[in-house]
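Me: Hi! Could you walk me through a few helices of this model, one question at a time?

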Amino acid sequence: QQGFFPYLDRKNPVRGLPAALALHDHKHVKGEVILPNLTAVGSLNQQKVRALLKRVFAVNIPAFMPATEHNEAGRLFVVLEICLASLIRHYNNLTKVKRCRGETNVIVDGLLRHAEAVRVTEAGQPNLSCHEVLCLWSNRISSDCTTREEAAALKTAGGSNGDVNTQLLVQVLSSVRRLEEISKDNETKISDLIQSNINLERKNKS
């Protein structure tokens with residue numbers, strides 16, 4: 001991380017953002033900073049993700065309180081939403097690191113423990129474990145962030161004259177990404193089928 005500090009202006013941390021983004025493997029270091037969003041987990045899952053948010057961040061400070069029937073959400077409640085979205089976004093990567101190193105991870109273990117406490121589920125897939133649900137949500141939030149980052153970069157490349165429709169770009173990039181995921185899934189299924197046939201032929205010969 002030593003490459004970050006030469007760019008760090010402690011009086012104006014914003015000037016160090018490109019270096020920070022570069023350290024986190026972002027391709028467009030001078031583009032708009034895209035924050036993770038809980039809406040990416042899906043509209044049918046919002047009740048469960050809100051229950052998880054309440055469980056992870058138990059606060060009684062008015063500025064951080066969620067909306068109620070009689071009151072609007074506190075002005076800083078969005079910070080908690082971003083924090084939880086970020087935790088879920090990195091869940092998969094942290095899980096992989098945990099498995100590779102054979103170590104415990106406070107973030108992974110804590111998030112999973114809270115998810116199990118509120119029994120998070122995926123709409124339409126009730127048989128998934130809490131870990132599998134978090135993995136699915138992690139993929140969705142990561143994919144959403146990547147799509148919006150690419151759209152923002154294309155908008156920046158198009159200049160400031162407003163010729164680039166960001167919403168349209170997000171929709172197109174999302175569609176392309178879904179097609180890529182479907183293609184990869186089909187390739188995996190075909191590969192498994194071929195391997196299954198090979199194993200069956202070997203078994204028959206023996």
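Reply: Buried means under 20% relative accessible area, exposed over 50%, and partly exposed in between (1.4 Å probe, protein chains only). This is a predicted model, where local features need pLDDT of at least 70, side-chain atom pairs count only at pLDDT 80 or more, and totals for chains, interfaces and linings use all residues. Residues are numbered from 1 along each chain as its sequence is written, and side-chain values use heavy atoms, leaving out hydrogens and water.

Me: Which residues of H5 are buried?

Reply: Helices are DSSP runs (H or I, at least four residues), numbered from the N terminus. H5 covers residues 106–118. Its buried residues are Val108, Gly110, Leu111, Leu112, His114, Ala115 and Val118.

Me: Which residue caps the N-terminal end of H5?

Reply: A side-chain oxygen of the capping residue lies 3.0 Å from the backbone nitrogen of Ile107. The residue is Asn105.

Me: At what angle do H2 and H3 pack?

Reply: Axes are lines fitted to C-alpha atoms, for helices over the stretch in contact, and angles run from 0 to 180 degrees between N-to-C directions. The axes of H2 (residues 46–56) and H3 (residues 77–89) are 10 Å apart. Their packing angle is about 105°.

Me: How many nonpolar residues does the contact of H2 with H3 have?

Reply: With contact meaning heavy atoms within 4.5 Å, Val49, Arg50, Leu52, Leu53 and Val56 in H2 meet Phe77, Leu80, Glu81, Leu84 and Ile88 in H3. Ala, Val, Leu, Ile, Met, Phe, Trp, Tyr, Cys and Pro count as nonpolar, Asp, Glu, Lys and Arg as charged, and the others, Gly among them, as polar. By class there are two charged residues, no polar ones, and the nonpolar count is eight.

Key
Helices (H or I, at least four residues) and strands (E, at least two) are DSSP runs, numbered from the N terminus. The expected span of a helix is 1.5 Å times one less than its number of residues. A polar contact is a pair of N or O atoms within 3.5 Å; within protein, one must be able to donate a hydrogen and the other to accept it, and residues adjacent in sequence count only if both atoms are side-chain atoms.
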